[in-house]
Amino acid sequence: MPSLHELVRAHTDLVEDDVAWLQLLMADWQILADLSFADLVLWLPDREGKGYWAGGQMRPTTGPTALVDDVLGTFIPTGRRRMLDEAFASGRLIREGDPEWRDAVPVRVEVIPVRRAGRVIATIARNTNLLGIRTPSRLELSYLQTAAELTQMIAAGHFPLPGQRSDHADSPRVGDGFVRLDAAGRVVYASPNGLSAYRRLGLQGDLAGHVLTDLTRDLVPARKRLDEETLSAVLGGRDGRATEVGTDEVTLIVRSIPLRPEGERSGALLLVRDVSELRRRDRELVTKDVTIREIHHRVKNNLQTVAALLRLQARRTRAEDAKAALEEAVRRVGSIAIVHETLSHAVEETVDFDEIADRLGAMVVDVSGVEVPVRVVREGSFGKLPSEAATPLAMVLTELLQNAVEHGYAGVPSGSDGRVVVTARRIVGRLHVVVEDDGRGLPEDFDLDASTQLGLSIVRTLVESELGGVLEIGPGSRGTRVQADLPVD
């Protein structure tokens, strides 16, 4: 289906400010559909005056739909729907006396002009299914009265309101809890769900007749009322935004929509939602995240302690082979510690591996024993990787960089320098990593399958078994080129 922007660009003369106004309206028109028990269709005027395009559609959650089929993107020529023509021409709400019959269902149609900056930029057709209509309850009468006032505000250009919108995930809906205030902020009517929400806060009795701001202050302890000004503005119906109120056990989101159908504020619509369970889960997630980050931090500290002990042992060891082995172990442990340090600062269990790769390159160069200066350069991006892939890949990269520096430039005359390039590319679910140096190159009799070097054995095992990838080692343009092809999500 076409989007609002696509329809506007293709068929209308509406400007960006008009589109922004319509988007703000459509973000909140679920409220109008639910209060009206009616389907809403937004009609946009054709730039050539030939008719109207359906730019949006919303069905109610409080009653049966009057429009079985989707109409978004359809076109109605001028003259076919008299009510649309009259609403655009007069800028007034147009009501039809007799219902229309659609698929054996009687439907009452009303057309609301959408006004912005003094001119009508669109209309909303409100379609109400009249099948099985009965005497409305007090709840339904309160809904319909509030819908009528919102309708007048749309026609006068006073709605939508800037600020909070009802298309956010946790924003309250009409069915969550409905409270109607008068101009003084006193409760005129509260739906059963709205009343239940306040009773969970500790209310005894009814909401009607109470000044909601004063009542809420009595129910909510002072330490939980962090912003008294916002509390008064929202719960008094003076400011069109949302706020959270609650106790240690109960949390409510309250959203206020000031009503001023005649220009002056006559009261307000408040939507109330109990989000206690959502906030409890949020707190649990935060606690888990903090715990996981603390675990990574402690693992990093422990690994650094192990590395320090190995380094101390290496200094006390006289055998050169044993000392070299211990120093290699220090580097391997250090590469894993870098991953855990990065994870200890991450919000999720993924890491930006570019940062790890850069730190590994600097670490390998700092501890290398070659006499020529070597520079490690990264080209491309590894992107974000899950922790279970980051740790083995860090060890692989450490070994490859260590081999490139120590074996590629060992014995190279002083006065020259070296350059190791790490290239990373992500293509269609694969990560391609290339480490290429401009050093001495591979021995003529080199055979990866026959190699007994511990570092290469570690790299091959991690790439092929742990990461499920493919490893290739061969001559590069000047020195040695190692490529690892790995699957990534």
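# Asking how we know

Visitor: Which residues make up the aromatic cluster?

Guide: F37, Y143, F178 and Y189 form one aromatic cluster. Bear in mind that this is a predicted model.

Visitor: Why is the pair of F178 and Y189 called tilted?

Guide: Their ring centres are 6.3 Å apart, and rings pair if their centres lie within 6.5 Å, so they count as a pair. The planes stand at 55°; under 30 degrees would be stacked and over 60 edge-to-face, so this one is tilted. The structure holds six aromatic pairs.

Visitor: What makes this a link between distant parts of the chain?

Guide: F178 sits in strand 8 and Y189 in strand 9, 11 residues apart.

Visitor: How do you know whether F178 and Y189 are buried or exposed?

Guide: Buried means under 20% relative accessible area. F178 comes in at 0% and Y189 at 10%, so both are buried.

Visitor: And why is V299 called partly exposed?

Guide: V299, found in helix 8 (residues 276–316), has a relative accessible area of 28%.

Visitor: What makes strands 8 and 9 partners in a sheet?

Guide: Pairing takes at least two bridges, and three join strand 8 (residues 178–182) to strand 9, so they pair. They run antiparallel. One of the contacts to look up is L181, whose bridge partner in strand 9 is V187.

Visitor: What is the strand order in the sheet, and why are strands 9 and 10 called edges?

Guide: Five strands form an open sheet in the order 9-8-12-11-10, with antiparallel pairing. Strand 9 (187–190) and strand 10 (242–246) each have a single partner strand, so one side of each is left without a neighbour in the sheet. On average, neighbouring strands here are turned by 25° against each other, direction ignored.

Visitor: Which helix lies across the sheet strands?

Guide: Helix 7 (residues 228–235) lies across strands 8, 10, 11 and 12, running at about 110° to strand 10.

Visitor: How do you know that the buried residues of helix 6 line one face?

Guide: Those residues of helix 6 (residues 212–219) are L212, T213, L215, T216 and L219. Seen down the helix axis, they fall within an arc of 165°, so they line one face.

Visitor: What covers the buried residues of helix 6?

Guide: The cover includes strands 8, 9, 10 and 12, along with helix 5 (192–201) and helix 7.

Key. Residues numbered from 1 in each chain as written. Predicted model: local features only at pLDDT ≥ 70, side-chain atom pairs only at ≥ 80, totals over all residues. Heavy atoms only, no water. Helix = DSSP H or I, 4+ residues; strand = E, 2+ residues; numbered from the N terminus. Axes fitted to C-alpha atoms, helices over the stretch in contact; angles between N-to-C directions. Contact = heavy atoms within 4.5 Å. Buried < 20%, exposed > 50% of the residue type's maximum accessible area, 1.4 Å probe, protein only. Arc of directions from axis to C-beta.
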